[in-house]
Amino acid sequence: MNVIRITSKNVVFLFMALLSTSVQEARMDYGTATSYAMKEANVNSTPAYSSKKEEMAGLCPSGIPCTELSGECLKCNLNYSCKYGAMYETNCSVLEHVDCIGEQTFSKKYMCRYCYQTDHWEHLCHQKNSCSSVASPQQYYRTNCTVNDDILCLGRRKFMKNLPCNWTVGYRWSTALILSITLGGFGADRFYLGHWQEGIGKLFSFGGLGVWTLIDVILISMRYLGPADGSLYI
């Protein structure tokens, strides 16, 4: 029977062999991971100028006359020391990576004012319906607005503005009044406006024996009673 004698030299030799194998495997794994990461970086990376060009292409449409580009696509020398409300003329040039038709440099007229001072038809605001249009006193909400493309103004073209809450979803005042006069005793006007609980109450009480029906006719005719969602009539 063969007996394997384990000596201290044999233990040291086995330990060194295992350690060398682990180091080699770790180097191979690290090299593989590094090579894969470099390949991924080469595949996914794009030149800086390419991303800038794509960004400008998204903001500025191509193939249109240069004079019709929005202020975001132009570099104009606006005079911030101008007199408010006065008309001025300035030189504008098309930004880099913008593709348009015609001269790249031209003059354009503008009124001395900041973008947030433009009239309501000269900018577009994001409408919200998270407030009550029939509240007293009138409610306001703060939203984002952007100046129209053909307007030149001082400052940022996107700004915040307070707007009165006056949104609507399509409820007609004439329809609500007709329903209140003809079928108000059955709660049809309340159902139409979204007041379901009051509508059920009017239905089973026959319009409060006529009293509730008469009151609702008066309230709707005066526009005091509106849609339950807080919107306005159209």
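Predicted model: local features only at pLDDT ≥ 70, side-chain atom pairs only at ≥ 80, totals over all residues.
Let me begin with the rings: a search of the whole structure turns up five aromatic pairs, where rings of Phe, Tyr and Trp (its six-membered ring) pair if their centres lie within 6.5 Å, and planes under 30 degrees apart count as stacked, over 60 as edge-to-face and the rest as tilted. Residues are numbered from 1 along each chain as its sequence is written, and side-chain values use heavy atoms, with hydrogens and water left out.

Among those five aromatic pairs is the one formed by Tyr 171 and Tyr 192, which is edge-to-face, with 5.5 Å from centre to centre and 85° between the planes. Tyr 171 lies in the loop between strand 6 (158-164) and helix 3 (173-183), and Tyr 192 lies in helix 4 (residues 188-193), so the pair ties together parts that are 21 residues apart in sequence; helices (H or I, at least four residues) and strands (E, at least two) are DSSP runs, numbered from the N terminus. Tyr 192 is partly exposed, at a relative accessible area of 25%, where buried means under 20% relative accessible area, exposed over 50%, and partly exposed in between (1.4 Å probe, protein chains only).

Phe 191 and Trp 196 form a tilted aromatic pair, 5.3 Å centre to centre and with 55° between the planes. Phe 191 counts as partly exposed, at 24% relative accessibility, whereas Trp 196, at 56%, counts as exposed. Elsewhere, ring pairs link Tyr 80, Tyr 114 and Tyr 116 into a cluster.

There is also a contact between a charge and a ring: the charged end of Arg 223 sits over the ring of Trp 173, 4.6 Å from its centre, the criterion being that NZ of Lys or CZ of Arg is within 6 Å of the ring centre and within 35 degrees of the ring normal.

In the model, residues 170-191 are 68% helix and 0% strand, with the end C-alpha atoms 15 Å apart, while residues 203-225 are 74% helix and 0% strand, with the end C-alpha atoms 18 Å apart.

Now to the cysteines: how many disulfides does the structure hold? There are six, a disulfide being a pair of cysteine sulfur atoms within 2.5 Å. One of them joins Cys 60 to Cys 73, with an S to S distance of 1.9 Å, and the torsion about this S-S bond is about -105°, so the disulfide is left-handed. Both Cys 60 and Cys 73 are buried.

Another disulfide joins Cys 66 to Cys 100, at 2.0 Å from S to S, and with a torsion of about 85° the link is right-handed. Cys 66 lies in the loop between helix 2 and strand 1 and Cys 100 in the loop between strand 2 (87-94) and strand 3 (105-111), so the pair ties together parts that are 34 residues apart in sequence. Cys 66 is buried at 1% relative accessibility, and Cys 100 is buried at 10%.

Finally, Cys 115 is joined to Cys 153 by a disulfide, S to S 2.0 Å, and this link is right-handed, with 90° about the S-S bond. Cys 115 counts as buried at 0% relative accessibility, and Cys 153 is buried at 5%.
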